[in-house]
Amino acid sequence: MLELIQNILITQTGIPNLAVNQVIMILIGLLFLYLAIAKEYEPLLLVPIGFGIFIVNFPLTPLMGFTEHGNPELIRAFYKYGVEWEIIPCVIFLGLGAMTDFGPLIANPKTLIIGAGAQLGVFVTYLGVLFFGFTLKEAASVGIIGGADGPTTIYLTAKLAPHLLGANALAAYSYMAMVPLIQPPIMRMMTTLEQRRIRMRQLRYVSQREKLLFPLIGCALIVLLIPAVAPLMGMFMFGNLMRECGVVKRLSDTAQNALMNIVTIFLGLSVGATMQADVFLTWKPLLIFAFGLVDFVICTFGGILTVHIMNIFLKDKINPLIGSAGVSAVPMAARVAHSEGLKADPDNWLIMHAMSPNLAGVIGSAAAAGMFIAMFQ
C-alpha cells in the first residue's frame with residue numbers, strides 16, 4: 001500500500017515533476033499578471049495571457065495535449081479551433097471594425113501614406129532576422145510585430161510559423177502595452193519644439209453616406225490588390241458596415257461587446273498556453289523579443305520620418321507627432337501622440353488628427369501581412 005501511495009505521488013502529482021524552467025515560466029506569467037493588474041498595461045489581453053502562461057507550466061496539466069482518443073484537451077481545443085483555424089483573429093477584426101469610426105481617415109486620406117511609411121520596421125526587421133538563422137517564413141512572422149497589431153501578428157504567424165505563435169503574440173501585445181513608454185523619447189528626438197507645436201486645420205465634416213460607402217469601396221480595393229488579406233480586411237470592413245448602416249444596431253453592439261469579449265478570453269488563454277517552458281525558453285523566442293522592440297522603434301521612426309518628407313511638399317503642414325500613430329496600436333498610439341502635443345502646446349488638440357494615421361496603420365499592417373502570405377504560402 002505504501003508503495004502504491006508513493007507511486008501515485010510520483011506519477012500523478014506535479015510536485016516531484018516541477019522543473020526549474022517551469023518555475024521560471026510561472027514567474028513570467030505572474031509578471032504579466034502584475035503588469036496587467038497593477039500597471040494596467042493592456043489588461044484585457046495580458047490577464048488571460050498571463051494566466052495561460054501561469055497555469056500551463058505546471059507539470060502534468062491536461063490542458064494543451066491530446067486525450068488518449070486523440071481529442072484536444074481544454075485550451076488546446078481553444079487554440080486548434082480558434083487560432084489554427086484562423087477564426088479568432090478574424091472575429092476580433094470584426095469587433096474592431098464595429099468599434100471604428102473611419103471619419104478622420106476619410107476626411108484626411110493622405111494619412112494613408114503615413115500608415116504605409118510606419119511599416120518600415122516590418123521589412124527592415126524581416127531582413128535583419130534572416131541573418132540570425134530564421135527561415136523566410138519565420139522572419140516574416142517576426143517582422144510583422146512592428147505593425148503593433150496583435151490579431152494580424154497572430155493571423156500571419158498561425159499561417160507561416162505556428163511554432164512561434166506564443167513568442168510573437170506576446171511580443172506584439174507587450175510592446176503595444178508599452179507604447180506610452182517606448183514612443184515619447186523617439187518622438188521628442190525626431191522633432192523640434194516648434195514642429196510639435198504645429199496646429200493642423202480642423203477636419204472637415206464627413207457625411208453618413210461617405211462613412212457607409214467607405215467599408216464597401218475600401219474592402220473592394222484592398223481585396224482586389226491583396227486577396228490574401230481578405231479574411232481580415234473583409235471582417236474588419238463588415239464590422240464597420242454594421243456600425244455605419246444603422247439598421248443592425250443589435251448585431252453591431254454584439255460584435256463590439258459580447259462577441260469581442262468572448263474571443264479575447266479564448267485568444268489570451270490560447271496564446272499564453274503556447275508558452276510552455278520547453279518551447280519558450282530557447283534562443284529563438286528570446287531573440288524575437290529583442291527584435292520586436294527594434295521593429296517597433298523603427299516603425300515609429302518610419303511614421304514620423306514620412307511626415308517630415310510629406311511636409312516638404314505640403315502647404316498645410318502636418319504635426320509630425322501624429323506620424324508615430326501610424327504603427328496601429330489603436331487607440332493608444334493616437335492618445336500618446338495627442339499627449340505629447342499637449343505638452344508642447346496645451347491648446348493643441350491632435351487626437352482626431354492622430355486617429356487618421358492610426359487607422360491607416362491597421363490597414364497598412366494587414367496589407368504587409370497579406371504581402372508576406374502571398375510570397376511564402
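This is a predicted model: local features need pLDDT of at least 70, side-chain atom pairs count only at pLDDT 80 or more; totals for chains, interfaces and linings use all residues.

Reader: How many disulfides are found in the whole structure?

Author: The search of the whole structure gives 0 disulfides.

Reader: Let us turn to charges. How many salt bridges are there?

Author: There are 9 salt bridges in the whole structure. One of them joins lysine 211 to aspartate 101, with the closest N and O atoms 3.3 Å apart. Lysine 211 belongs to helix 14 and aspartate 101 to the loop between helix 5 and helix 6, so this pair ties together parts 110 residues apart in sequence.

Reader: Are those two partners buried or exposed?

Author: Lysine 211 is buried, with 17% relative accessible area, while aspartate 101 is partly exposed, with 26%.

Reader: What does lysine 284 pair with?

Author: Lysine 284 forms a salt bridge with glutamate 138, and their closest N and O atoms are 2.6 Å apart. The pair ties together parts 146 residues apart in sequence, because lysine 284 lies in helix 19 and glutamate 138 in helix 9. Lysine 284 counts as buried at 18% relative accessibility, and glutamate 138 counts as buried at 6%.

Reader: Which residues are linked in a network of salt bridges?

Author: Arg188, Glu340 and Lys343 are linked in such a network. Between glutamate 340 and arginine 188 the closest N and O atoms are 3.0 Å apart. Glutamate 340 is in helix 20 and arginine 188 in helix 12, distant parts of the chain that are 152 residues apart.

Reader: Which elements give two or more residues to the nonpolar patch on the surface?

Author: The patch consists of Leu120, Val124, Phe301, Leu305, Ile309, Ile312 and Phe313, with about 650 Å² of accessible area together. The elements giving two or more residues are helix 8 and helix 19. Helix 19 gives the most, with 5 residues. Within helix 19, leucine 305 counts as partly exposed at 33% relative accessibility.

Reader: What about the backbone, around proline 331 for example?

Author: The peptide bond from valine 330 to proline 331 is cis, with omega near -10°. Proline 331 is in the loop between helix 19 and helix 20. Alanine 329 is also placed in the loop between those two helices, with a positive phi near 50°.

Reader: Why mention those features?

Author: Most residues other than glycine have a negative phi, and most peptide bonds are trans. Leucine 60, too, has a positive phi, of about 70°. Leucine 60 is exposed, at 52% relative accessible area, whereas alanine 329 counts as buried, at 4% relative accessibility.

Conventions. Residues are numbered from 1 along each chain as its sequence is written. Side-chain values use heavy atoms; hydrogens and water are left out. Patches are made of residues with over 30% relative accessible area and no salt bridge: like charges are joined within 9 Å, nonpolar side chains (Val, Leu, Ile, Met, Phe, Trp, Tyr) within 5 Å. Accessible areas come from the Shrake-Rupley method with a 1.4 Å probe; for residues, only the protein chains shown count as cover. A salt bridge is a side-chain nitrogen of Lys or Arg within 4 Å of a carboxyl oxygen of Asp or Glu. Helices (H or I, at least four residues) and strands (E, at least two) are DSSP runs, numbered from the N terminus. Buried means under 20% relative accessible area, exposed over 50%, partly exposed in between (1.4 Å probe, protein chains only). A disulfide is a pair of cysteine sulfur atoms within 2.5 Å.
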